[in-house]
Amino acid sequence: MVVAIVGDLDLQTVAQTQAFLRHATARSPRHLVIDMAGVTFLSSSGISLLIGAGNARPARKGAALELRTVETRLHFVGARGNPHVERALSLLGLLDHFDTAPDLDTLLARLQESG
């Protein structure tokens, strides 16, 4: 599953984005690819959402913050090369915390090679 985030990822948009990601991963896709190329601003709230998405555990009944199940692998495309995203994640030492690829084709080729 590929989800593109376009515009600001900040306090005003993070709740809606979180709800969308929760809905998008309800069926536990094997891979969740978040395309960050269109992000124009990444706040601390947005970074927290990304960290939470990368560390999420199986959702429990009533758990408001769980986004996906353990089986879903999270990947980012467009994070490197987008100064709004790359700079924020680099300053916090988080860029290498996530599985990133420059574009979707590169990521898909790498995933296909790894099986």
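A: L104 belongs to helix 4, which covers residues 104–114; helices here are DSSP runs of H or I with at least four residues, strands are runs of E with at least two, and both are numbered from the N terminus. This is a predicted model, in which local features need pLDDT of at least 70 and side-chain atom pairs count only at pLDDT 80 or more, while totals for chains, interfaces and linings use all residues. Residues are numbered from 1 along each chain as its sequence is written, and side-chain values use heavy atoms, with hydrogens and water left out.

L104 has a relative accessibility of 30% and therefore counts as partly exposed, a class that lies between buried (under 20% relative accessible area) and exposed (over 50%), with a 1.4 Å probe and protein chains only. Together with V2 and L108, L104 forms a nonpolar patch on the surface, and the accessible area of the three is about 240 Å². Such a patch takes residues with over 30% relative accessible area and no salt bridge, and joins nonpolar side chains (Val, Leu, Ile, Met, Phe, Trp, Tyr) within 5 Å and like charges within 9 Å; a salt bridge is a side-chain nitrogen of Lys or Arg within 4 Å of a carboxyl oxygen of Asp or Glu. The accessible areas come from the Shrake-Rupley method with a 1.4 Å probe, and for residues only the protein chains shown count as cover.

For contrast, one may turn to strand 3, where L74 is found.
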